[in-house]
Amino acid sequence: MEVLKMANSRVSLLRHSFNSFLPPSIFSPSILPTRRFIVSASISSKEPLVDSISSSSSSKEAAIPYGDSVKPNDDRWKPMCLYYTQEKCTLMEDSTHLQKFNHSFSLKHALDAGGYKNKHSEHLDFFLVLDLEGKVEILEFPVLMIDAKTMDVVAFFHRFVRPSEMSEERINQYIEGKYGKLGVDRVWHDTAIPFKEVIVQFEEWMTKHSLFNGELGGPLNRAAFWELGYKDKIPQQCQVAKMKLPSYFMEWINLKDIYLNFYKRRAAGMRTMMNELNIPMLGSHHLGIDDTKNIARVLQHMLVDGAVLKITARRDPRSPQSVEFLFENRIK
Ligand SMILES: [Zn+2]
């Protein structure tokens, strides 16, 4: 109950301050955050509630109750700027905006990488943490590129995705039901593009980071997707969007299978893993870009613990619908 009160008071303060600085041409009242801030896990945790490196806090922010573990002037979690994540933020010079929204993907406060030697990662230099959102069609496509040695985020790709085969009315209901609850439906409508275009831009991004060569095709270059089970989602979306399944989606690392084989425990989802590993969940669960950051924290934790990260599943290039699972014990 106490936690709920704290979360609510934080939301109302943020809402108040958002109103005062957002230019109406870009943001409408419907974007104002009704996001539910998940702070309960952090308050009881020994880990600080910090997710970004902002240099100062206003006195209004300092008045927000946060629990004893966080001092008033500490850096702390704040919502990602979802225009920035999609390379569309026009307020990068606006200090008020920068104070309110996170424009950094760093996972700085996470585990100390000192003891970690990356002995076990199958010669992978990068992990691409992927967390697709959307039950009927994909609505959000967030990817964090994690350096296997430093374990921090070195690049990101994030797009909201407009369904290909739905009426406007159905899309509006779908978005209201999913992102309306998080207060980000307006930014979704402002920015979402069709899956086909997302993939074109994603391939440009991967090429820029030397992760993929479009002319050669084939798998990723010294990198692997790290995800929670997109076995059928991407092929289905490709079918809906009438496009071929890209070659880099032919193999991946399923986090749940690695978790099961390493810790000898079944975890049905991200929340369970985070609870079991005592990692605070930050941001809005089921906002893909926040979930990728949380999944990246699980990845860091497992790397430090010494988990062996191997490809867990591979498609047959001649018949992509058949998947070979490389671990005997796996989450089905
Ligand atoms: Zn911004």
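1. First, the ground rules. This is a predicted model, in which local features need pLDDT of at least 70 and side-chain atom pairs count only at pLDDT 80 or more, while totals for chains, interfaces and linings use all residues. Residues are numbered from 1 along each chain as its sequence is written.

2. Eight strands form an open sheet with mixed pairing, in the order E4-E3-E2-E1-E5-E6-E7-E8. Its edge strands are E4 (193-194) and E8 (319-325), each of which pairs on one side only. Helices (H or I, at least four residues) and strands (E, at least two) are DSSP runs, numbered from the N terminus; two strands pair if DSSP finds at least two bridges between them.

3. Now look at strand E1 (residues 126-130). Five of its five residues are buried, where buried means that 20 or more other C-beta atoms lie within 10 Å of the residue's own, exposed means 12 or fewer, and partly exposed lies in between, with C-beta atoms placed from the backbone. In a regular strand the side chains alternate between the two faces of the sheet. Both faces of E1 are covered, with Phe126, Leu128 and Leu130 buried on one side and Phe127 and Val129 buried on the other.

4. With E2 it pairs in the antiparallel sense over five bridges, and leucine 130 stands opposite valine 143 in E2. With E5, E1 runs parallel, joined by four bridges; here valine 129 stands opposite tryptophan 226.

5. Phenylalanine 141 has arginine 159 in E3 as its bridge partner.

6. Two residues lie between E7 and E8, which form a hairpin.

7. Helix H9 (residues 255-263) deserves a look. H9 packs on the sheet, touching E5 (223-227) and E6 (251-254), and its direction makes about 50° with that of E6. Axes here are lines fitted to C-alpha atoms, for helices over the stretch in contact, and angles run from 0 to 180 degrees between N-to-C directions. The buried residues of H9 are Leu255, Lys256, Asp257, Ile258 and Tyr259. They pack against E5, E6, helix H10 (270-276) and helix H11 (288-305), with contact meaning that C-beta atoms, placed from the backbone, lie within 7 Å.

8. Most residues other than glycine have a negative phi, and most peptide bonds are trans. Just after H9, lysine 264 takes a positive phi of about 60°. Arginine 222 is not a glycine, yet has a positive phi of about 55°; arginine 222 sits in the loop between helix H7 (195-208) and E5 and counts as partly exposed because it has 14 C-beta neighbours inside 10 Å. Asparagine 278, in the loop between H10 and H11, has a positive phi near 60°. Asparagine 278 has 12 C-beta neighbours inside 10 Å, so it counts as exposed.

Note on methods. Two residues are in contact if their C-beta atoms, placed from the backbone, lie within 7 Å.
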